[in-house]
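Open the model in your viewer and keep the selection tool at hand.

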Amino acid sequence: MGTSIKLLVGLGNPGPEYEKTRHNAGFWLVDDFCRRHGVTLSVDAKSKALIGRYQQGAHDVRIVMPQNYMNRSGFSVAHIANFYKIPPESILVAYDELDLPPGVAKFKKGGGAGGHNGIKDIIAQIGSQDFLRLRIGIGHPGHKSKVTGFVLGKAPATEQRLIDDCIDEASRSIDTLMEQGWTDALQRLHSYRPQQKG
């Protein structure tokens, strides 16, 4: 039995100068999902987001990329969740995770923000921590004073390749989540190993 996802959110910063930065891993994931499923996102001024809709069989998923900056992501999520009456347990948020290395992604249910400003704002705006997460590893610069420059910087090509491959697998794991459920999706994604390419 699949897990009911009604809202898929990718976090990032809008604008071409941020497009290739590590903090936009959530956007990359949503781009990949939309590309595979032929979903087009369009601007929704009310919710300050790019929005699309994935419908297949029993699935009807709103797909959202907030166009406020990262620390204001919650506005779009709360606006859409309220409008479509989507409970937190049916929301999946994809974002960059410092505590995982490039090439690793993990699903998670609920919990705190772990220092991520986008997640922090979503928790504040929807008033719940109970949404699902998809954490995409980007690695850690080693010291917290370097974090801002690191997440707003571009990954070197070798790391970027690991992240891209992992995002492809993570995006497909969302299909598994919806079709077969949480346990199968976890098993699939958490057993994925990045391939080092020469």
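Start with the second largest pocket, whose volume is about 230 Å³. A pocket here is an open set of points on a 1 Å grid over the protein atoms alone, where a 1.4 Å probe fits, with protein on both sides within 12 Å along at least five of seven lines. Grid points are joined across faces, edges and corners, and the volume is the space filled by probe spheres set on the points.

This is a predicted model: local features need pLDDT of at least 70, side-chain atom pairs count only at pLDDT 80 or more, and totals for chains, interfaces and linings use all residues. Residues are numbered from 1 along each chain as its sequence is written, and side-chain values use heavy atoms, with hydrogens and water left out.

**Second largest pocket.** Select Glu19, Lys20, Trp28, Asp31, Asp32, Arg35, Gln160, Asp164 and Ile167. They form its lining, meaning that each has an atom within 4 Å of a point. α1 (25-37) and α5 (157-180) each give two or more residues. The largest share, four residues, is from α1. Helices are DSSP runs of H or I, at least four residues, and strands are runs of E, at least two, numbered from the N terminus. By type, the lining has six charged residues, two nonpolar and one polar. Charged means Asp, Glu, Lys and Arg; nonpolar means Ala, Val, Leu, Ile, Met, Phe, Trp, Tyr, Cys and Pro; the others, Gly among them, are polar.

**Largest pocket.** Now select His23, Gly115, His116, Asn117 and Val151, which lie nearest the centre of the largest pocket. The space there is about 390 Å³. Its lining counts 24 residues: 10 polar, eight nonpolar and six charged. β5 (91-97), β7 (132-137) and α4 (147-151) supply at least two each.

**Strand β1.** Select residues 7-10. Leu7 and Val9 are buried on one side, Leu8 and Gly10 on the other. Buried means under 20% relative accessible area, with a 1.4 Å probe and protein chains only. β1 pairs in parallel with β4 (residues 59-66) over three bridges, and with β5 over four. Pairing takes at least two DSSP bridges. Valine 9 has valine 64 as its bridge partner in β4 and stands opposite valine 93 in β5.

**Cysteines.** Cysteine 34 is buried at 5% relative accessible area. Cysteine 166 is buried at 1%.

How values were computed:
Buried < 20%, exposed > 50% of the residue type's maximum accessible area, 1.4 Å probe, protein only.
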